[in-house]
Amino acid sequence: MAPSSIQQCPLCARVLYFSHEETTIIQCVCGAVVNRKESGEHESRPFYIIRDPFDIIQPGTNGTWNGKEFRVLGRFRAWFPESVFNYWTILFPDGELAWLGEGYGMYAVYKKTEVSADSLLKFDKLKTAEKAELFEDQTFVLEKRYEVEKWEVEGELYLPECNPKFEVYDLSSQSGRQVSVFRLLPKLYVSFEVFNSSFRQLQLTDTRTGQHPSKSVACPNCRKQVTIKTFPFAQSFVCSNCNAYISFSDGTYKTASNQYEGGAGPDISLGSTGMINGILYECIGYALKEENNKYRSKWKEYTLFNREEGYAFLSEYNGKWIYVREQADTPVLLTEHEKSFKFDGEHFQLFNSYTYSVINARGEFPYNAFNNRNTRAREFISPPKIWIKEENQKEGIIWFAGQHISGRELAKEFTFPGGLPLRSGIGAVEPKSYMPLHQLAFASFIAVLLLMFLHFLFTTNKQERVLLDNYYAIPDSSDKTSFVTNKFHFDKWSSNVQFDIYAEVDNDWFELDATLVNAKTGTEYSLEKGVEYYHGFAEGESWAEGSRREIAYLTQIPAGDYFLQVQGIRNNVSPNKIQGFSLKAVYDVPSQRNFLWSLFFVLLWPVVQYIRAVQIEKKRWYNSPFSPYTYED
Amino acid sequence: MKINFFKAGHSFYPLRWYILVVIAVAGLMAYADLSGMRLMTRPESQQWNSEGPGYHK
């Protein structure tokens with residue numbers, strides 16, 4: 001490995017300092033590029049240089065990753081067939097060197113790693129969505145395979161010897177690991193483990209300020225000048241003068257189609273700005289897309305841009321909106337036939353699968369909007385969230401994560417000259433009453449546990465003090481008996497008294513009148529309770545009704561000194577008249593009834609909600625070819 | 001920590017009404033358990049006081 005060294009620029013003789021032993025290329029302010037080889041030799045090389053850098057990150061920018069500060073030394077900018085991406089060389093204080101991948105608002109730290117040499121031998125024949133074992137017992141899926149058609153340098157950077165064109169392979173495992181393999185020479189592979197981050201997480205300082213510069217280009221169809229707001233990320237645009245569809249290829253913009261088809265225009269004004277999730281976006285593009293199937297469903301898609309956070313999209317169908325962003329941390333599907341997956345604990349189900357065409361467009365796009373007829377889009381939903389997997393042989397697999405967003409919220413932010421589009425039906429991820437069954441069941445379970453805990457807590461210290469428990473005879477000469485008890489002291493601020501009454505009635509009745517009298521205030525609490533038991537034999541069957549035992553309560557009795565007046569009344573004309581009755585009175589008893597009724601009410605809501613949700617979900621899935629529901633029509 | 005179940009996007013947002021129902025029911029049950037009340041019963045007891053409203057047979 002070559003040490004840090006001081007060199008002289010071969011063109012202007014300025015001093016050039018390689019600040020790290022592994023950096024291989026340094027750019028002089030005069031434009032010359034010096035390449036340090038592994039042998040330690042230095043050589044001036046005719047590499048492309050970035051002439052008018054405009055990016056937020058620049059050499060000298062500082063940031064933080066995983067609690068470690070880093071400094072940006074330089075970069076190479078790689079031009080892929082339909083995208084452009086920066087690989088910044090960053091240096092940590094402990095001398096570790098890494099890359100910071102950046103483009104389209106996505107940020108990731110690339111750290112060198114060693115992968116299985118055997119797996120690299122198979123890379124020649126590896127196609128997107130196919131599997132590779134990069135590490136022992138770890139299966140990866142090739143998500144993207146693309147060629148760097150051109151690369152340019154700025155500052156001081158690490159880039160081993162490579163051809164003017166080389167290949168990059170992006171692979172992901174189901175465990176969340178991501179690896180990028182750079183085939184710099186036919187037999188030279190350099191592998192990096194990729195750690196995704198975000199602009200906010202990196203806490204970048206000493207960045208380049210100002211707006212993303214516009215670029216004026218001549219429309220290849222009408223030769224009029226058109227302003228591109230997000231060059232070089234804009235890979236296609238629509239000429240504002242002749243409406244020709246223009247796409248970027250082989251380093252220049254070319255006419256993709258001048259057959260303007262027409263169709264509904266945008267509802268959001270292009271150029272209007274609005275805040276979504278704390279990010280200020282400008283609406284820079286609009287596309288009316290149509291499914292290439294018998295349904296010919298059309299939806300509108302708006303391209304949004306923020307200099308720091310990159311691109312986002314707003315998709316509108318039947319007045320229902322979804323806010324979508326490309327993601328780096330994504331699900332990994334091992335086969336293309338998978339109809340569901342779990343990601344971050346949420347279960348996503350395949351809702352739709354289609355290819356599409358752009359039938360009307362305005363503005364500019366970070367992808368080639370006009371050659372996507374073979375791109376297969378598969379939508380997996382877990383309302384209000386959605387994952388969209390777009391796959392084609394050229395660009396590989398791209399995942400977008402989306403979330404329902406209300407039209408009203410958007411109307412507050414962006415300019416809708418004709419108002420919001422009318423709403424109809426239920427959107428694919430509209431959160432209307434949506435709650436997955438397992439969440440509903442879990443919430444109900446927690447609620448039941450809470451009730452059990454509270455009920456136990458508040459009934460465990462019940463006194464259940466027996467006030468009296470006796471048999472009381474009724475004199476033969478009378479139809480009633482009555483008595484008054486001694487005083488009881490009730491010490492709880494409020495409680496109850498339970499009366500357990502038993503009378504040996506037989507086709508007869510008995511009535512108990514009980515009155516609790518507050519010895520101090522004279523306040524009375526009274527109840528009447530009948531005991532009836534009748535039975536017989538009719539129409540060949542025996543019957544019985546009533547019971548010889550009854551339970552009655554005096555409830556919410558305040559604390560104080562009480563005595564009890566009791567009167568038992570029997571049916572004196574009955575042939576089976578009773579001789580007496582048993583009475584047990586207990587102070588401060590728990591009521592299981594309270595728990596059971598509470599349980600009923602707490603479980604009623606999920607049951608109703610579930611029935612309602614099933615109806616709504618049936619409607620939501622009505623237009624899906626993957627509906628789990630059956631329909632009568 | 002600020003918890004607002006009624007803010008769209010909060011992970012408990014779909015459960016917002018249920019959380020309110022559970023709090024209300026649990027509160028009522030706790031009150032009933034503490035005060036000696038029995039939920040969903042027609043009171044069997046009558047209260048009377050010579051100084052105030054009430055009923056006396």
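## Chain B

Chain B contains 1 helix and 1 strand, and like everything described here it belongs to a predicted model. Of the 57 residues in chain B, 30% are buried.

## Where chain A and chain B meet

The contact between the two chains draws on 42 residues from chain A and 29 residues from chain B. Together, chain A and chain B bury about 3400 Å², with 58% of this area lying on carbon and sulfur atoms. On the side of chain A, the residues A:Phe458, A:Asn594 and A:Trp605 supply 17% of the area that chain A buries against chain B, which is more than any other three residues contribute.

Several elements of chain A take part in this surface: helix H4 (437–459), strand E36 (488–503), strand E38, strand E40 and helix H5 (592–620) each supply at least two residues of the side that touches chain B.

Strand E38 (residues 524–538) of chain A, one of the elements that touch chain B, pairs in the antiparallel sense with strand E37 (residues 508–518) of chain A over 10 bridges. Within this pairing, A:Glu511 has A:Gly530 of E38(A) as its bridge partner. The hairpin of E37(A) and E38(A) has 5 residues between the strands, and A:Gly522 in that hairpin takes a positive phi near 80°.

E38(A) also pairs with strand E39 (residues 541–546) of chain A, again in the antiparallel sense, and this pairing runs over 6 bridges. Here the bridge partner of A:Ala538 is A:Glu541, which lies in E39(A). The hairpin that E38(A) and E39(A) form has 2 residues between the strands, and A:Glu539, which sits in the turn, has a positive phi of about 50°.

## The loop with A:Pro575

Further along chain A, A:Pro575 is found in the loop between strand E40 (549–570) and strand E41 (580–587). A:Pro575 counts as exposed because its relative accessibility is 78%, and the cut-off for exposed is over 50%. From C-alpha to C-alpha, A:Pro575 and A:Glu96 are 105 Å apart in space, while 479 residues separate A:Pro575 and A:Glu96 in sequence.

Methods. Residues are numbered from 1 along each chain as its sequence is written. Chains are lettered from A and ligands numbered from 1 in the order in which they are written. This is a predicted model: local features need pLDDT of at least 70, side-chain atom pairs count only at pLDDT 80 or more; totals for chains, interfaces and linings use all residues. Side-chain values use heavy atoms; hydrogens and water are left out. Two strands pair if DSSP finds at least two bridges between them. Helices (H or I, at least four residues) and strands (E, at least two) are DSSP runs, numbered from the N terminus. Buried means under 20% relative accessible area, exposed over 50%, partly exposed in between (1.4 Å probe, protein chains only). Contact means heavy atoms within 4.5 Å. Buried area is the accessible area (1.4 Å probe) that two parts lose on being put together, summed over both.
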